[in-house]
Amino acid sequence: METGTSENTGQTAGRTADEPVWIGLPPGLLRMRRLLLVVWLGLLTIGTALLLGLLAGPGWAAFALLPLAVLLWGWPMLGRNWRSWRYAERADDLLISRGVLWREETVVPYGRMQLVEVTSGPVERHFGLSSVQLHTAAAATDARIPGLVPAEAERLRDRLTELGEARSAGL
């Protein structure tokens with residue numbers, strides 16, 4: 001069953017009290033990923049065309065269309081992937097859902113969180129984005145939420161840390 005999601009609030013229309021309130025990722029992450037796609041594959045297209053055109057002849061330069069085709073295919077795929085990422089804060093755990101072909105939903109109980117960190121590389125900082133990394137006792141359950149606005153990432157870190165400390169005190 002699909003429900004409509006408000007882009008700004010993450011609230012769903014017609015949901016019941018038991019359903020989580022899913023929050024999608026900000027559009028800045030999609031813009032960043034698409035720009036990186038255009039830059040890298042654009043440079044690869046130009047470099048392939050020049051290299052093959054000069055060394056093997058103009059006919060071979062047509063192979064430069066392959067990275068261009070990957071760019072045209074990757075553009076909508078990045079949009080689908082971006083729309084698939086979402087997270088929800090529930091009373092006892094955090095849900096993270098992602099994936100287009102293979103859906104993956106991670107449930108991280110607040111009491112099992114050992115470390116919550118906010119990271120932001122140079123490209124993410126340029127676009128005003130941060131990622132939240134959750135570390136638990138089991139390495140396989142470490143979870144990540146990419147491309148959040150820094151204020152939301154810090155709010156989420158503080159809230160998860162507070163809930164984690166409260167829940168782990170009872171263990």
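**Chatting through a predicted fold**

Trainee: Which residues does glycine 79 touch, leaving out those up to four places away in sequence?
Mentor: This is a predicted model, with residues numbered from 1 along each chain as its sequence is written. Local features need pLDDT of at least 70, side-chain atom pairs count only at pLDDT 80 or more, and totals for chains, interfaces and linings use all residues, while side-chain values use heavy atoms, leaving out hydrogens and water. A touch, or contact, means heavy atoms within 4.5 Å. With neighbours up to four places away set aside, glycine 79 touches Leu30 and Arg34.

Trainee: Is glycine 79 buried or exposed?
Mentor: Buried means under 20% relative accessible area, exposed means over 50%, and partly exposed is in between (1.4 Å probe, protein chains only). Glycine 79 has a relative accessible area of 0%, so it counts as buried.

Trainee: And which helix is glycine 79 found in?
Mentor: Helices here are DSSP runs of H or I with at least four residues, strands are runs of E with at least two, and both are numbered from the N terminus. Glycine 79 has a C-alpha atom 9.3 Å from that of arginine 33, though the two are 46 residues apart along the chain. Glycine 79 itself is found in helix H2.

Trainee: How do H1 and H2 run relative to each other?
Mentor: Look at the axes, which are lines fitted to C-alpha atoms over the stretch in contact, with angles from 0 to 180 degrees between N-to-C directions. H1 and H2 (residues 65-84) pack at about 170°, their axes 9 Å apart. Under 35 degrees counts as roughly parallel, 65 to 115 as roughly perpendicular, over 145 as roughly antiparallel and the rest as oblique. That angle therefore makes H1, relative to H2, roughly antiparallel.

Trainee: How many residues in the contact of H1 with H2 are nonpolar?
Mentor: H1 brings residues including Leu30, Arg33, Arg34 and Leu37, while H2 brings residues including Leu71, Trp75, Leu78 and Gly79. Ala, Val, Leu, Ile, Met, Phe, Trp, Tyr, Cys and Pro count as nonpolar, Asp, Glu, Lys and Arg as charged, and the others, Gly among them, as polar. In this contact of H1 with H2, six residues are polar, two are charged, and the nonpolar ones number 15.

Trainee: Which residue stands opposite arginine 86 in S3?
Mentor: Arginine 86, in S2, is also the bridge partner of glycine 24. S2 (residues 86-89) runs antiparallel to S3, joined by four bridges, and a hairpin of three residues links S2 to S3. Across in S3, arginine 86 faces serine 97.

Trainee: What about the other sheet: which residue stands opposite methionine 113 in S6?
Mentor: The three-stranded open sheet has the order S5-S6-S7, with antiparallel pairing. S5 and S6 are joined by six bridges. In S6, methionine 113 stands opposite threonine 136.

Trainee: Why is S7 called largely enclosed by the rest of the structure?
Mentor: S7 pairs with S6 in the antiparallel sense over four bridges, and alanine 143 in S7 stands opposite leucine 134. S7 is largely enclosed because, of its six residues, the number that are buried is five.

Trainee: Last one: what percentage of the protein chain counts as buried?
Mentor: The chain comes to four helices and seven strands, following the pattern β-α-α-β-β-β-β-α-β-β-α. Of its 171 residues, the buried share is 34%.

Notes:
Pairing = 2+ DSSP bridges.
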